[in-house]
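Here is a guided walk through one protein chain. Please keep the sequence and the structure in view as you read.

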Amino acid sequence: MKGLVLLFPGIRYTVDMPLLYYPGLYYRQQGYKVVPVSYGAQFDQVEFHNQDITQEIEDAKTYCLPQLQAIDYSKYDSVIFVSKSLGTVVAGWAQQTLQISCKQIYLTPIKQTLPYMDSSCMAIAGDADQVLDPAVLKAYCKKHDIEYHVFPGGHRIEVKKDISRNLKTIDAIVALL
């Protein structure tokens with residue numbers, strides 16, 4: 001098979017939401033196998049308002065590890081991880097822990113993701129992200145030669161009450177893939 005894409009959701013941001021749905025659809029149309037990663041039903045109830053989510057990160061890692069270990073990555077010409085928020089930490093950890101050769105696309109990474117980011121990844125964020133200050137992310141990406149793109153919006157890269165702007169943003173993000 002040509003390639004494999006794993007989608008790592010965020011807290012209360014599932015693979016059926018725009019920032020993961022459309023990249024998944026794009027890669028599926030390119031012939032990739034697209035696999036959503038699950039952290040279990042307990043994540044449907046978690047709230048995330050800049051509080052300490054260390055336990056949630058650890059729970060997500062523990063829950064998805066068997067899913068990730070069950071995949072034979074050597075069957076694929078290319079492996080891509082597309083992740084959102086908390087999922088960016090899990091995706092970075094998974095690549096490092098399982099020593100997977102893959103391309104990382106981090107959508108709205110959080111501060112715990114930074115140690116996993118290097119020049120081989122891409123970071124995409126909103127210019128008004130309240131979870132990780134866009135200036136901090138931009139400086140980190142510049143220092144580490146990381147491809148960085150910023151769009152209007154907060155942590156979901158959405159502009160409230162501007163559907164047209166949001167659709168253009170999704171289109172632009174998919175074009176970067």
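Two strands pair if DSSP finds at least two bridges between them. Helices (H or I, at least four residues) and strands (E, at least two residues) are DSSP runs, numbered from the N terminus. This is a predicted model: local features need pLDDT of at least 70, side-chain atom pairs count only at pLDDT 80 or more, and totals for chains, interfaces and linings use all residues. Residues are numbered from 1 along each chain as its sequence is written, and side-chain values use heavy atoms, with hydrogens and water left out.

Start with the sheet. Six strands build an open sheet, and its order is β2-β1-β3-β4-β5-β6. The pairing is parallel. β2 and β6 (147-151) are the edge strands, each pairing on one side only. On average, neighbouring strands are turned by 15 degrees against each other, direction ignored. Axes here are lines fitted to C-alpha atoms, for helices over the stretch in contact, and angles run from 0 to 180 degrees between N-to-C directions.

Now look at two of the pairs. Strand β4 is joined to strand β5 (residues 122-126) by three bridges, and the two run parallel. In this pair, Leu-107 stands opposite Ile-124 of β5. Strand β1 (residues 3-8) pairs with strand β2 (residues 33-36) over four bridges, again in the parallel sense. Leu-4 faces Lys-33 of β2 there, standing opposite that residue.

What do β1, helix α1 and β2 make together? They make a right-handed β-α-β unit, with α1 covering residues 18-29. A crossover is right-handed if, with the strands pointing away from the viewer, the path from the first strand over the helix to the second runs clockwise.

Leu-7 counts as buried because its relative accessibility is 4%. Buried means under 20% relative accessible area, exposed over 50%, and partly exposed in between (1.4 Å probe, protein chains only). Leu-7 touches Val-15, Leu-20, Gly-24, Val-34, Val-35, Pro-36, Val-37 and Val-82, not counting residues up to four places away in sequence. Contact means heavy atoms within 4.5 Å. Ser-83 is 76 residues from Leu-7 along the chain, yet their C-alpha atoms are separated by 5.8 Å.

Next comes helix α3 (residues 86-98). Its 13 residues should span 18 Å at 1.5 Å a residue, and its end C-alpha atoms are 18 Å apart, which agrees. The expected span is 1.5 Å times one less than the number of residues. Is α3 mostly covered or mostly open? It is mostly covered, as ten of its 13 residues are buried. Among them are Leu-86, Val-89, Val-90 and Trp-93. The buried residues of α3 pack against β1, α2 (54-69), β3 (78-84) and β4 (103-107).

A loop lies on each side of this helix. Ser-85 sits in the loop between β3 and α3. Gln-99 lies in the loop between α3 and β4. Most residues other than glycine have a negative phi. Ser-85 is not a glycine, but its phi is positive, about 55 degrees. Gln-99 is not a glycine either, and has a positive phi of about 50 degrees. Ser-85 is buried, with a relative accessible area of 3%, whereas Gln-99 is exposed, with 70%.

Then turn to the interior. In soluble globular proteins, nonpolar side chains tend to be buried together. A nonpolar core is a set of buried Ala, Val, Leu, Ile, Met, Phe, Trp, Tyr and Cys residues joined through side-chain atoms within 4.5 Å. Which residues of the largest nonpolar core touch the most other members? Of its 37 residues, they are Phe-8, Phe-81 and Met-117. The elements giving two or more residues to this core are β1, α2, β3, α3, β5 and α4 (134-143). α3 gives the most, with six residues. Apart from this core lies another, of 21 residues, including Val-15, Tyr-32, Ile-105 and Ile-157.

One last stop is Asn-166, found in helix α5. Asn-166 is buried, with a relative accessible area of 17%. Leaving aside neighbours within four places in sequence, Asn-166 is in contact with Ile-157, Glu-158 and Val-159.
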